[in-house]
Structures are given as structure tokens and as C-alpha cells.
Amino acid sequence: MSLLILGIGLVLVIEGLVFALAPSRLDDLVAMMAAMSRDQRRMIGLVALALGVLLVWLSGVGA
């Protein structure tokens, strides 16, 4: 359970840095994502999901 809380905390720190340090770039990113097709956004999400699973697996957490 503590690893889950750690993971969520790290995600919030990274996302918070984006909002705090580059809010104008975030506006550009949102506009770029809106211009993409639904299939392109889905593929980006699936790739991000696969990379996340790979990183968790490589970290050896729970082994």
C-alpha cells in the first residue's frame, strides 16, 4: 500500500512541476492534443501505459 501512495505522490510531483514551471507550454500541448485524432490519442495512451508497465517491471518492485 505504501508503494501505491509513493507512486501516486511521484506522479503528482511531476505533473505539478509541469503546471508550475511551464504553464504556457501546457496550453500549447493541450491545443496540439485537441488537433490529434482520437486514434492517435489512444495510441499515445497505450504506448505510455506499456512504458509505465515496463518501467514498473524493470524496477523489480515486489520481487
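Me: Which residues line the largest pocket?

Reply: Rolling a probe the size of a water molecule over the atoms shows where empty space is left. On a 1 Å grid over the protein atoms alone, a pocket is an open set of points where a 1.4 Å probe fits, with protein on both sides within 12 Å along at least five of seven lines, and lining residues have an atom within 4 Å of a point. Here the lining consists of Leu3, Leu6, Gly7, Leu10, Val11, Ile14, Glu15, Val56, Ser59 and Val61. This is a predicted model, in which local features need pLDDT of at least 70, side-chain atom pairs count only at pLDDT 80 or more, and totals for chains, interfaces and linings use all residues. Residues are numbered from 1 along each chain as its sequence is written, and side-chain values use heavy atoms, with hydrogens and water left out.

Me: Which helix gives the most to that lining?

Reply: Helices are DSSP runs of H or I with at least four residues, numbered from the N terminus. H1 gives the most, with 7 residues, while H1 (2-21) and H3 (38-59) each supply at least two.

Me: How many helices and strands does the protein chain have?

Reply: The protein chain has 3 helices and 0 strands, following the pattern α-α-α along the sequence.

Me: What share of the 63 residues is buried?

Reply: Buried means under 20% relative accessible area, found with a 1.4 Å probe and protein chains only. In the protein chain, buried residues make up 2% of the 63.

Technical notes:
Buried means under 20% relative accessible area, exposed over 50%, partly exposed in between (1.4 Å probe, protein chains only).
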